[in-house]
Amino acid sequence: MPEPTTPPVSSPEPPIRVVAVAVRDADGRFLTVRKRGTTAFMQPGGKPEPGETPEQTGVREIREELGAEVADVARLGEWTAPAANEHGRTIEAVVLTARLVSLTGPQAEIEELMWWDPADASVPADRIAPLLRDVVAPTLADVPPS
């Protein structure tokens, strides 16, 4: 009987469940945020409150984090990816798309926002959250921004 080449990977911690909102501008750049005390930029979003739908979570989080209003919120998909700022953890994310209506700027725990162009090699890959860099950006690469 052959031996397994690699042991199964399992984290002692359960996945972190989040909702992420993919907002792009007319040039296809993604709205990203960096939380205070972290280095990675990610999509706005966060953990759902009890009883919230993913859409309600996404709208609430983008409002809290950026003073932003969005419209045309739609579910893009659900994926698992390495957590950007919690080494060794994974996230289970419901990813939404939305059109930006208004934007105030960083609020609450958000230190900085950046419009990220996936084609811009000047931003190091490790500064972009794996969910956005490896899953969402490639998924939306051939979809025109709304």
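This is a predicted model: local features need pLDDT of at least 70, side-chain atom pairs count only at pLDDT 80 or more; totals for chains, interfaces and linings use all residues.
Q: Where do I start: how many strands form the open sheet, and in what order?
A: The open sheet has 4 strands, in the order S3-S1-S5-S4, and their pairing is mixed. Strand S3 (45-46) and strand S4 (69-82) are the edge strands, each pairing on one side only.

Q: What about S1 and S5, do they run parallel or antiparallel?
A: Strand S1 (residues 16-23) and strand S5 (residues 90-102) run parallel, and 8 bridges join them. Within this pair, Val-21 stands opposite Leu-96 in S5.

Q: Which strands does helix H1 touch?
A: Helix H1 (residues 54-66) packs on the sheet and touches S1, S3, S4 and S5. The direction of H1 makes about 105° with that of S4.

Q: And helix H2, which strands does that one lie across?
A: Helix H2 (residues 130-140) lies across S1, S4 and S5, and runs at about 120° to S4.

Q: Back to H1: what span should its 13 residues have, and what do the end C-alpha atoms show?
A: At 1.5 Å a residue, H1 should span 18 Å. Its end C-alpha atoms are 18 Å apart, so the two values agree.

Q: Which residues of H1 are buried?
A: They are Pro-54, Thr-57, Gly-58, Arg-60, Glu-61, Ile-62, Glu-65 and Leu-66. These buried residues pack against S1, strand S2 (30-35), S3, S4, S5 and S6.

Q: What follows H1?
A: Gly-67 follows the helix, and its phi is positive, near 60°.

Q: Changing topic, which residues touch the most other members of the largest nonpolar core?
A: That core has 21 residues, and those touching the most other members are Phe-30, Ile-91, Trp-116, Ile-128, Leu-131 and Val-136. S1, S5, strand S6 (110-116) and H2 each give two or more residues to this core. H2 gives the most, with 6 residues. As a general matter, nonpolar side chains tend to be buried together in soluble globular proteins.

Q: What does Phe-30 touch, leaving out residues up to four places away in sequence?
A: Its contacts include Ala-22, Val-23, Met-114, Trp-116, Leu-132, Val-136 and Leu-140. Arg-24 and Pro-118 are also among them.

Q: What other core lies apart from the largest one?
A: Another core, of 15 residues, lies apart from it, with Val-23, Ile-62, Ala-68 and Ile-110 among its members.

Q: Now the charges. How many salt bridges does a search of the whole structure find?
A: The search finds 13 salt bridges. One of them joins Glu-111 to Arg-36, with the closest N and O atoms 3.4 Å apart. Glu-111 is in strand S6 and Arg-36 is in the loop between S2 and S3, so the pair links parts of the chain 75 residues apart.

Q: Which partner does Glu-55 meet in a salt bridge?
A: Glu-55 meets Arg-75, at 3.5 Å from N to O. This pair connects helix H1 with strand S4, across 20 residues of sequence. Glu-55 is partly exposed, with a relative accessible area of 27%, and Arg-75 is also partly exposed, at 43%.

Q: And Asp-72, is it buried or exposed?
A: Asp-72 counts as exposed, because its relative accessibility is 54% and the cut-off for exposed is over 50%. Its side chain meets that of Arg-99 in a salt bridge of 2.8 Å, N to O. Arg-99 counts as partly exposed, at 33%. Asp-72 is in strand S4 and Arg-99 in strand S5, 27 residues apart.

Q: Which residues are linked in a network of salt bridges?
A: Glu-52, Arg-60, Glu-61 and Glu-64 are linked in such a network.

Note on methods
Residues are numbered from 1 along each chain as its sequence is written. Side-chain values use heavy atoms; hydrogens and water are left out. Two strands pair if DSSP finds at least two bridges between them. Contact means heavy atoms within 4.5 Å. Axes are lines fitted to C-alpha atoms, for helices over the stretch in contact, and angles run from 0 to 180 degrees between N-to-C directions. A nonpolar core is a set of buried Ala, Val, Leu, Ile, Met, Phe, Trp, Tyr and Cys residues joined through side-chain atoms within 4.5 Å. Buried means under 20% relative accessible area, exposed over 50%, partly exposed in between (1.4 Å probe, protein chains only). The expected span of a helix is 1.5 Å times one less than its number of residues. A salt bridge is a side-chain nitrogen of Lys or Arg within 4 Å of a carboxyl oxygen of Asp or Glu.
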